[in-house]
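Here is a short report on one model. Look at the structure first, then read on.

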Amino acid sequence: MSALAAIRPDDWNIALFVHILGAMALVGSLALVLVALAGRDLRLGYRALLLGVLPSWIVMRGGAEWIAEKEKVNDLDPVPSWVDIGYSVSDPMLLLIIISTVCAGLAVRRQRQDGPLRGTALVMTVIMLVAAFVAVWAMSTKPT
């Protein structure tokens, strides 16, 4: 029995690379924020949110739209479930990024290491990291 590999046209490679690069940077910067906020390093957590998480989300989302346009997955009659999972994870994540960045910024400004703002940013970061792992699972396994 021979297995046939799915062959993707070469002009899709850069769009897929940009999407995956943004997703990897997003997960990595979310992990950095989690470690920094859990270790009570508010300044590093805030800077990682502002300079790491937000730009990587933009790159990931832009790459996702670019590759979805090239593959024409949004034009399929039943949109694949892995695409729906990706959209349902990434779109609300922007709101969580904004909320956690504002909370971490206010905590840095007020210099409160144990306040509710740090806790809120920490909980939001955990939620985003779990959601990102769900999206990575959906993109890699492509469930039906």
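Start where a helix ends. Arg40 follows α1 and has a positive phi, near 65°. Helices here are DSSP runs (H or I, at least four residues), numbered from the N terminus. The model is predicted: local features need pLDDT of at least 70, side-chain atom pairs count only at pLDDT 80 or more, and totals for chains, interfaces and linings use all residues. Residues are numbered from 1 along each chain as its sequence is written, and side-chain values use heavy atoms, with hydrogens and water left out.

**Helix α1**

Helix α1 covers residues 13-38. Its 26 residues should span 38 Å at 1.5 Å a residue, and the 37 Å between its end C-alpha atoms agrees with that. The expected span is 1.5 Å times one less than the number of residues.

Several α1 residues are buried, including Ala15, His19, Gly22, Leu26, Ser29 and Leu30. Buried means under 20% relative accessible area, exposed over 50%, and partly exposed in between (1.4 Å probe, protein chains only). The cover over the buried residues of α1 includes α2 (42-71), α3 (81-110) and α4 (116-141).

Ser29 lies in α1. Ser29 counts as buried because its relative accessibility is 9%.

**How α1 meets α2**

The axes of α1 and α2 are 7 Å apart, at an angle of about 160°. Axes are lines fitted to C-alpha atoms, for helices over the stretch in contact, and angles run from 0 to 180 degrees between N-to-C directions. The two helices, α1 and α2, are therefore roughly antiparallel, a term for angles over 145 degrees.

**The cores**

The largest nonpolar core has 25 residues, and Leu26, Leu30, Val53 and Met93 touch the most other members. Helices α1, α2, α3 and α4 each supply at least two residues of this core. A second, separate core has six residues, among them Ala68, Trp82, Val83 and Ala138. A nonpolar core is a set of buried Ala, Val, Leu, Ile, Met, Phe, Trp, Tyr and Cys residues joined through side-chain atoms within 4.5 Å.

Contact means heavy atoms within 4.5 Å. The table leaves out residues up to four places away in sequence.

| Residue | Touches (heavy atoms within 4.5 Å) |
|---|---|
| Ser29 | Gly52, Val53 and Ser56 |
| Tyr87 | Arg61, Glu65, Ala68, Asn74 and Pro92 |
| Met93 | Leu26, Trp57, Met128, Ala131 and Ala132 |

Tyr87 sits in helix α3. The C-alpha atoms of Tyr87 and Arg61 are 9.1 Å apart, while the two residues are 26 residues apart along the chain.

Conventions:
Angles under 35 degrees count as roughly parallel, over 145 as roughly antiparallel, 65 to 115 as roughly perpendicular and the rest as oblique.
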